[in-house]
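Me: I am new to this structure and would like to find my way around it. Could you show it to me and then take my questions one by one?

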Amino acid sequence: MAYNIRKAAVIGSGTMGGGIATLLAAVGLQTVVLDIPSKGTQPGDPPAKRNALVNDNLKKLLSSRPPQVFIASDLEKIKTGNLDDNLDMVADADWIIEVVVERLDVKRSLMAKLIEVARPDAIITTNTSGIPIQAIAEGFGDDFSRRFMGTHFFNPPRHLHLLEVIPHPTTDPELVRYMVEFGTKVLGKGVVICKDKPNFIGNRFMSIAGSQVMNSALDGGFTVEEVDALTGPLIGRPKTATFRLTDLVGLDIHMHVARNLYDAIPDDPAREVLAHEKANAVADKMMANNWLGNKTGQGFYKQVKGAGGEKEFWSLNLDTFEYEPPKNPRFESVGKHRKVEPLGERIRLLINEDDRAGKFLWHLHAFYLAYASQRVPEITDTIVNIDNAMKWGFSHELGPFEIWDAIGVAETIPQFEAAGYAVADWVKGMVKQGCITFYTYDENGLKTGYYSPQEADYVPMPADPREITVERLRAKKVPVAVSPQAGIPANILEQWRREPQGVVASNGSASVLDMGDGVALLEFHSQAYAIDADLVEMSWKALDILNKDFDALVVGHDGERFCIGANVFMVVMAVNSGQMDTLRSMITNLQDLTQAMRYHAKPVITAPFNMALGGGAELLMSGTKIVAHAELYAGLVEFGVGLIPAGGGCKELLRRVVSPVMAASPNADVLPHLQKAFEQIATAKVSTSAMEAREMGFLSPDDKIVMNRSLLLGEAKRVARQLADDYTPKQPGKVWAAGRDAYSALLLGIEGFRESGFASDYDAHLARKLAYILTGGAISEPGWVDEQVILNLEREAFMSLVTEAKTQERIAHMLQYNKPLRN
């Protein structure tokens, strides 16, 4: 059967159901959300009254943090109803996903109703986090069961990468393949296939491993703060660590899952960590006090005001049940090894230390790794699935089998077992046959295969040809230059040209890499991904290389963020040393670079993601076309440090937001569009998604948004190659300058904000300079001006501001506290 999802229906509008619905709407699916009728209503009541529950739940998502909704207008695309009056709204849905309360009887009752109204070929899935899929499907017949499976999202669905796909024995294998591809490409998820076992992979591990950590803390007399200091970034896990994560999830939910799991896994010896007497007593007392975590204002942590009025997070003393001020725990072994890289080596060193921290971390990892070995192939077929589930679902840098490779498999097996942590027989057999790591690696440390217990041998790593990483591009070898007289066959030379050939050029801040197929990659690796002299120099070199040797250029990388803009410290150094001419040249060079990228004879594709701030936003707008990840936080934020965008940002917003309106309708009222550009810069507004960045003007309607970050560079390369095949270079044009009257209108608004206290005197000073730029220097009559006119105005405003005392104060505050100062 061929599957094709165009319309989806979500049953349940709580935090998870609503989050899934907004994700589906964001990727362009027709989306319906149904929930129970609002309390106190009767059939025949107005829909607004009957559907108040579902509508209110969706509206709440607009204020959620982190944001669940990509863009507010997505909610307008979602049709809502209730299960009593509007079940027929799912009749033409291609996919129906159930996200109701975690009770088997409720889910089965709903499935019986859906069978009556759904199309016979509709995909029906459950988002259960642990109820057996087979138990939900039992007795509903083959026509239902073949198109039924589990699709378990993690909360919040927009932000957590993991999607667990859980077939049961009679699920159509073709449906499983389709949902893996749909989840990967369309929804942007990292998909793992789980077996139909209690709590699947993610929740099984976090319930068991999380309980072991809490038990060890109580048994070893560790404080909440100490445990979180040891189980967060130090060992490659998020800052939420252990107790902060429980506060985030909710202690009641954590204990509900743990207690249900205990009864569901009678054959798992490790389940006893869920029944730890002291841990359960602590949890029961906290729940009786309604200390559930973030949602009730206190849990293992409580936010209080410090002596100076600043926020402080006090932690719960697990013995006295009193909250105590932060103590900043210190451990000798942590101080000794906390900066060691790579992470695997840091963990190896930490767990071999003999202080309290070392012993705690040794037992944590011994339990965790041994437990992972026991769950393959019970809950999933491969070690890769378990490692990916922990990385994608919980933001761990390494999965358990990756950690085990790093600390040494053969030497730790007897140590683990001597301490009572049983290692699976297949692992001992693996080592006995001479396979001493779970993964095989090439000379560059990249994985080539993994050990399969079923095959009792290594098998190749799963690979998606659409996924391109800088690490793998760098690993390629560049062939030695060959003279035409060398006698190398033409087809071999062409093959060398088309396949990725590694690093073409590099310096301390950026590199040019060969992506293959005639496409080059300009990738950044400067400190904090900031723009500095080396990055600009390599960008110019990339354009030169593009001109000579390639057909197209992609600007992007796979680091933590795209680009945070200019290195402000370098600007301060130039000013303080009196090198104003050098600074002016730097600004001019950046402007020239962004113009050269945009108007190059060959296509330049920018591939932004995460933060693209200040100069980073200017770089993302400098390409022929943008291929952006959905999680894009773009903004011209220079106002925060008392400056004005000077790398082409003002010019680009005029070109993108104002000029198209005036080109289409010369008599249009320009002021609303001019105000939009002005306010975005003056308020240092940052998009909360690529979709919002498009609304703000950073992306154009024909720029592409990619949901899966792993596929971003691959898609950017595909677009670059497609454009290169038939490319007509763009020519510098003109932008609309609204002139003196618009300038006066903006000044009036600025003064109103200043008088009402919404802007400081210095904010108003900055805003007046911005208004002058955006109106073309307040020219006497509105009209079209060369782009260079606006670039010149940007540069001169920047140069005049950078020496002012208030700007210097703002820059110093930003460098010290990493947040803007309003003065």
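Reply: Gladly; what follows is a set of questions and answers about this predicted model.

Me: Let's begin with helix packing. At roughly what angle do the axes of helix H15 and helix H18 cross?

Reply: Helix H15 covers residues 343–351 and helix H18 covers residues 400–407. Their axes come within 8 Å. Angles of 65 to 115 degrees count as roughly perpendicular, and H15 and H18 are therefore roughly perpendicular to each other. The crossing angle is roughly 70 degrees.

Me: Is the crossing of H15 and H18 right-handed or left-handed, and which residues of H18 take part in the contact?

Reply: H15 passes H18 in a right-handed crossing. On the H15 side, Gly344, Ile347, Arg348 and Ile351 take part. The contact divides into 5 nonpolar, 1 polar and 1 charged residues. The partners in H18 are Ile403, Ala406 and Ile407.

Me: Thanks! Are H23 and H25 roughly parallel or roughly perpendicular?

Reply: Helix H23 spans residues 533–549, and helix H25 spans residues 580–598. Their axes come within 11 Å and cross at roughly 30 degrees. Angles under 35 degrees count as roughly parallel, so the answer for H23 and H25 is roughly parallel.

Me: Which residues of H25 meet H23?

Reply: This crossing is left-handed. From H23, the residues involved are Val536, Ser539, Trp540 and Leu543. By class, the contact holds 6 nonpolar, 2 polar and 1 charged residues. In H25, the residues are Asn589, Asp592, Leu593, Ala596 and Met597.

Me: Now for the cysteines. How many disulfides does a search of the whole structure find?

Reply: A disulfide needs two cysteine sulfur atoms within 2.5 Å. The sulfur of Cys563 has its closest cysteine sulfur in Cys650, and at 17 Å that is too far for a bond. Cys650 is likewise in no disulfide, with the sulfur of Cys563 as its nearest cysteine sulfur. The number of disulfides found is 0.

Me: Are Cys563 and Cys650 buried or exposed?

Reply: The relative accessible area of Cys563 is 0%, so Cys563 is buried. Cys650 also has 0% relative accessibility. The cut-off for buried is under 20%, so both residues count as buried.

Me: What about the backbone: which peptide bond has omega near 0 degrees, and is that bond cis or trans?

Reply: Most peptide bonds are trans. The peptide bond from Glu341 to Pro342, with omega near 0 degrees, is cis.

Me: What is omega for the bond that joins Val376 and Pro377?

Reply: Pro377 is found in the loop between helix H16 (356–374) and helix H17 (383–394). The bond joining Val376 and Pro377 is a cis peptide bond. Its omega is about 5 degrees.

Me: Is Ala241 buried or exposed, and what is its phi?

Reply: Ala241 sits in the loop between helix H10 (224–230) and helix H11 (243–249). Its relative accessibility is 11%, so Ala241 counts as buried. Most residues other than glycine have a negative phi. Ala241 is not a glycine, yet its phi is positive, at about 50 degrees.

Me: And how does Ala456 count by accessibility?

Reply: Ala456 lies in the loop between strand E13 (447–452) and strand E14 (457–460). Although Ala456 is not a glycine, it has a positive phi of about 50 degrees. The relative accessibility of Ala456 is 36%, so Ala456 counts as partly exposed.

Me: One last stop: how far apart in space are Met287 and Met255, C-alpha to C-alpha?

Reply: Met287 lies in helix H13 (residues 277–288) and is partly exposed, with a relative accessible area of 25%. Leaving aside neighbours within four places in sequence, Met287 is in contact with Leu251, Asp252, Met255, Arg259 and Leu292. Met287 and Met255 are 32 residues apart in sequence. In space, their C-alpha to C-alpha separation is 9.5 Å.

Methods: Residues numbered from 1 in each chain as written. Predicted model: local features only at pLDDT ≥ 70, side-chain atom pairs only at ≥ 80, totals over all residues. Heavy atoms only, no water. Axes fitted to C-alpha atoms, helices over the stretch in contact; angles between N-to-C directions. Helix = DSSP H or I, 4+ residues; strand = E, 2+ residues; numbered from the N terminus. Parallel < 35°, antiparallel > 145°, perpendicular 65-115°, else oblique. Left-handed = near helix turned anticlockwise from the far one by under 90°. Contact = heavy atoms within 4.5 Å. Nonpolar A, V, L, I, M, F, W, Y, C, P; charged D, E, K, R; others polar. Buried < 20%, exposed > 50% of the residue type's maximum accessible area, 1.4 Å probe, protein only.
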